[in-house]
Every structure is written in C-alpha cells, then in structure tokens.
Amino acid sequence: MVADRTNKWLTLTANVGVILSLLFLAYEINQSTKATIAAASQGLTDQSILYFDAQLDHEAISQAVYKHHQDDELSGYELHQLDLLQQMNFRVFENAFLQYKRGLYEEREWGRYKRIIAGHMADNPIAIQMWERTQGGWTDEFAAEVESLR
C-alpha cells in the first residue's frame, strides 16, 4: 500500500514535469517565432531604406532642410528629395510600430516615435503631403495609428 501510494505520487510528479516541460517548450517556440518574424521585418525595412537612400542626394537634402526652416522657396528637386526622406522616415516608424505591436518594444519606446510622428503630422507640410499621397502603401494598423495622431 505504501509502495502503491509512492508510485502514484511519483507518476503524478512525472506527469506534472512533462506538462511543465511542454509549456516551456511552447513558450520557447513562440519566442523563437517572434524573433524570426522581427528579423524578417527588419530585413524588409532595411531593404526599403537602402532603396530610398540610393535616391537621396544628401547635400541637396541638407540645403533643402535649411531653406525650409528659413521659409525659402524650394525647387521641385528639393521637394522631391524631402518627400523621399519622409518616406524613408515613415518606413522606419512603421517598422518600430510593428515591432511594438509584436511586443518587442516597450510602450515608452513606441511613445517616443508617436511624439515624433505627431510632430511631423502637425507642422511638416512635406510629411503631410507624402502621407496623403502614399495612402494604401502602409500596413492598415500603422495607417490607423498615424491617422489617430493627426
């Protein structure tokens, strides 16, 4: 009888151990999947940034930013360069948003990006025009987030 009770407790303990091991394995698989998705997303964002950066004339952008802050008239080329710069910025913002939604950024980190986006959408006509012109080119969730910040 004592051996029978001991055997039942050992079996129960072993079964609990197996269940805990399976739960831990599921957690590890979930973390690995999140990391893989995050890495793929970052890779796509990096490709987008390379694409935009290849088109950017950094000297022209520097001059255009200065002229814009001085309220000087910008050439078509300068406006185009600043538009590309904003597209690149918003790709970075979108990636940060997606990583935040996946639980990889903390609320305070995403909050910093939200303040930057809100600032662009409040007083940067180039960012506003770019955003309106590129509707449909963003994930639905990110587009809704940006619209909520406008």
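Guide: The largest pocket in this predicted model has a volume of about 180 Å³. Its lining is made up of V65, H68, H69, L82, L85, Q86, D123, N124 and I126. By class, these lining residues comprise 4 nonpolar, 4 polar and 1 charged. Two helices, α2 (58–69) and α3 (76–101), each contribute at least two residues to the lining.

Helix α3 also holds E94, a residue that deserves a separate look. With a relative accessibility of 8%, E94 is classed as buried, because the cut-off for that class is under 20%. Leaving aside residues up to four places away in sequence, E94 is in contact with W138, T139 and F142.

The chain has 150 residues, of which 31% are buried; E94 is one of the buried residues. The accessible surface of the chain is about 9900 Å², and carbon and sulfur atoms account for 58% of that area. Turning to contacts within the chain, consider those between residues at least 6 apart in sequence: 64% of them link residues at least 24 apart.

How values were computed
Residues numbered from 1 in each chain as written. Predicted model: local features only at pLDDT ≥ 70, side-chain atom pairs only at ≥ 80, totals over all residues. Heavy atoms only, no water. Buried < 20%, exposed > 50% of the residue type's maximum accessible area, 1.4 Å probe, protein only. Contact = heavy atoms within 4.5 Å. Areas by Shrake-Rupley, 256 points an atom, 1.4 Å probe, with all protein chains shown as cover. 1 Å grid on protein atoms, 1.4 Å probe; cavity = no way out; pocket = protein on both sides within 12 Å on 5 of 7 lines; lining within 4 Å. Points joined across faces, edges and corners; volume = space filled by probe spheres on them. Helix = DSSP H or I, 4+ residues; strand = E, 2+ residues; numbered from the N terminus. Nonpolar A, V, L, I, M, F, W, Y, C, P; charged D, E, K, R; others polar.
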